[in-house]
Each structure stands twice: as structure tokens, then as C-alpha cells.
Amino acid sequence: MYSKEIIKGTLKPIILKLLQENNRMYGYEITQAVKDLTADKIKITEGALYPLLHKLEAEGVVFTEKESIGKRVRKYYALTPSGKEKTQELIEEFVDFMATMKHIFEPNLQPGYGTA
Amino acid sequence: MAQLKQHQVDSIYDLLLTHGVSYESLQLDLLDHICCMVEQKMDNGLEFDESLSLSTQEFGLSKLSEIQEATFHLLTLKLNKMKKVIGVIAILTAAFVMLGIVLKLYHSLGAGLLIFSGFSLAAVVVFPAMMYIDLKNQSNALQKTATICGYVAGILLSLATLFKFMHWPGFYLLYYSGLAILVGLFLPLYTFRNYKTNENKIFALAKSMLIMAGVVTIWASYRMAEHARVLMEMSAQ
């Protein structure tokens, strides 16, 4: 399990990436998918997930569809057309960010720096 | 896969209510979420009661109201920033108008610029932005309509003053349509809504009467000013 400090800021890209891959998902499904994909190393709490989903909805990045499941209503979240564009941009930025982090945290990959 | 019965879903819903989750959209999310957790445990052979108590332990019931607060916080964050900015502009606008009118009475320099910027800002920036913010916070259709009428009247009357001051044509149209919306639409809606929701009916009526008195005063002082101007022109001839 990673510390909160490190996970902060990755939540939004993770959720948007999942929605990009899966078309539409409900909240519980998202938490389970993250758990499975990260082998329990990242657990998205409900306290972080739902406020963020509602904010993304208010910003027009995602929209919801309601469906009756047994005796309750399930809300599915999916990307809007403009949300899809934003998601693509954010993912590209995030991948670039990870490459940059690698330079800093795996200095062996950077030949010659500081040895000349 | 286990599927919860109506009374079981209801008992989880009651749990949400007693722990302060009142926002409907979030209720649906959390109800489904906890139901999923419980069903998962029932699939592993546990009874409903046991599954529910385990799930609520994992979840932390006290966290439920925090989730709602966090949601509201994120949703209103942008609006609060906007409120601050608009607040500052509104204070400046009011100051421009007041200072401009006083300077105008003494025929001082700068009156024109202040009055022009004051009423332009009011009509184009302050009232529309305040209307947007108020509408975001209101859910009742009647209240929303009253809000729109009130601000539209405010915008029209500000424009009327601006047009009058700049000697642009169209003053009468703006002035009378503004007054008509204010008296014919806003006041009845505002009075009706206040009368219905206010415990103290007399107080609700008093508020509307005071607004009406203000409107009549403004209307009358404009009429008197016009009258005086016409008399002066006649005596000059």
C-alpha cells in the first residue's frame, strides 16, 4: 500500500484511464478494478472516489446513466466527448511525467551525470 | 451471485440517512457501493447481517457524512472563488455609481466616467454573474424564475440609466420593460414564494411592500425630475 502523499494526484488519471478502457463503470467496479490491477497496492477509498466523480460530472468530463439493479439503482459513469479529449491529454501528460520521474529516481539510467 | 432483497436494501438506505447522507445523487452511489460490498461477502457464505456489519466496519460509518462534505466542497470550490471575485467587482461597481452621482450633482470632473463604468459593470458583469451564482444554489423552479426576473429587471434598469446618461436612444423601452418585469413578474413571484415558505406571513408581506415602496419612489423621483426639466425648458422659452 502506497502512502497517501504519493497517491494524491494519480487518482484522477487512474479513474479517467479506466473509463477510457471500459466505456462505462460504476463506483464499486472502479475500486475493484484498481485493487486488481495494482495487486492491492493502490486502494481507492470511497471518500476520494465519489467526490471526484461528482466533480468530474459537474465539469462535464463524465456523464452518468442510471440503471435498476435488483432493488436499487446503479449509476454508471462514462466519458463525454470533450471528456475523452481531456482524458487523452491527461494520460499523455502523465506518461511523460512518469518518464521524467524515472530520470530523477533511477539516476543509473542517466549516463555520465555527475561523474565527469 | 447474491442479490439483496428490498428490506435489506432499505435497511442500508436507512443507514445512509441516519449518518447524514442527504444528497440524492451521492445516496445512489453509496447505496449501490455498500450493497455490492455486502453481496460480495454473502457470496463467500456469510449471512446478510454479518456481511453488513463487516462492510460497515471496513467502510467506517462515520466517514459517510465526510464523503458528502468532501463532495460539496469540491463542487462549490469553483463557485466560491467566483463569488470572491464578483464580490470585489460588485463593491467597486457600487462605489463607482455612488461617487459618480455625488460628483455629478456638484458638476465635478470624472463623474461621467464613474457613472458610465458603474452602470456598465452592473449590467454586463455583476448582475449576470450574481444571477448565475444564485441559480446554482437554487433548486425550486418558482424561486429560480423569481431570481431570473429580479436580475433581468436589474440589468434593464441599469442599462436604462446608462442609456439616459449617455443620451442614447432606447431609454424608454429599457426603463419601462425593466419596471414591468420588476413589478409585474418579480414582485408577485417573490411575494408568493416568501409568503408560502415564511413562518411569519406579515414579515413576508412587509418585505415585498418595502420593495414596492422603493420602486414607487424611484419611479416618482424620475417623473418629478422630468417634470422639473420640462417646466424649466418652458420657462426658458
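Biologist: Is the crossing of α3(A) and α4(A) left-handed or right-handed?
Modeller: The crossing of these two helices is right-handed; a crossing is left-handed if the near helix is turned anticlockwise from the far one by less than a right angle, and right-handed if clockwise. This is a predicted model, in which local features need pLDDT of at least 70 and side-chain atom pairs count only at pLDDT 80 or more, while totals for chains, interfaces and linings use all residues. Residues are numbered from 1 along each chain as its sequence is written, and chains are lettered from A and ligands numbered from 1 in the order in which they are written. Helices (H or I, at least four residues) and strands (E, at least two) are DSSP runs, numbered from the N terminus.

Biologist: At what angle do α3(A) and α4(A) pack, and how far apart are their axes?
Modeller: They pack at an angle of about 125°, and their axes are 11 Å apart. That makes α3(A) oblique to α4(A); angles under 35 degrees count as roughly parallel, over 145 as roughly antiparallel, 65 to 115 as roughly perpendicular and the rest as oblique. The axes are lines fitted to C-alpha atoms, for helices over the stretch in contact, and the angles run from 0 to 180 degrees between N-to-C directions.

Biologist: Which residues make the contact of α3(A) with α4(A)?
Modeller: A:Gly27, A:Ile30 and A:Thr31 come from α3(A), and A:Leu49, A:Tyr50 and A:Leu53 come from α4(A). Two residues are in contact if their C-beta atoms, placed from the backbone, lie within 7 Å. Four of the residues are nonpolar, two are polar and none is charged. Here Ala, Val, Leu, Ile, Met, Phe, Trp, Tyr, Cys and Pro count as nonpolar, Asp, Glu, Lys and Arg as charged, and the others, Gly among them, as polar.

Biologist: What lies in the loop between α3 and α4 of chain A?
Modeller: A:Asp40 is found there. Its phi is positive, about 70°, although A:Asp40 is not a glycine.

Biologist: Which residue of chain B has a positive phi without being a glycine?
Modeller: B:His167, with phi near 60°. B:His167 sits in the loop between α6 (141-166) and α7 (171-197) of chain B, and this residue is exposed, with 7 other C-beta atoms within 10 Å.

Biologist: How do α6(B) and α7(B) pack?
Modeller: The angle is about 155° and the axes are 8 Å apart, which means that α6(B) is roughly antiparallel to α7(B). α6(B) passes α7(B) in a left-handed crossing. The residues of their contact comprise 19 nonpolar, five polar and two charged.

Biologist: Changing topic, how many residues does each chain give to the contact between the chains?
Modeller: Chain A gives 16 residues and chain B gives 22 residues. On the side of chain A, α3 (27-37), α4 (46-58) and β3 (72-79) each supply at least two residues. α4(A) gives the most, with seven residues. That side of chain A divides into six nonpolar, four polar and six charged residues.

Biologist: And the largest nonpolar core, how many residues has it?
Modeller: This core has 32 residues; a nonpolar core is a set of buried Ala, Val, Leu, Ile, Met, Phe, Trp, Tyr and Cys residues joined through C-beta atoms within 7 Å. A:Leu19, A:Val62, B:Leu30, B:Leu31, B:Ile34 and B:Cys35 have the most contacts inside this core. Elements of both chains give two or more residues to this core, including α2 (11-22) of chain A and α1 (6-18) of chain B. α2(B) gives the most, with nine residues.

Biologist: What is A:Leu19 in contact with?
Modeller: Leaving aside neighbours within four places in sequence, A:Leu19 is in contact with A:Met25, A:Val62, A:Tyr77, A:Ala78 and A:Leu79.

Biologist: Finally, what is the secondary structure of each chain?
Modeller: Chain A comes to five helices and three strands, in the pattern α-α-β-α-α-β-β-α along the sequence. Chain B comes to eight helices and zero strands. Of the 116 residues of chain A, 22% count as buried, and of the 237 residues of chain B, 24% do.

Note on methods
A residue is buried if 20 or more other C-beta atoms lie within 10 Å of its own, exposed if 12 or fewer, and partly exposed in between; C-beta atoms are placed from the backbone.
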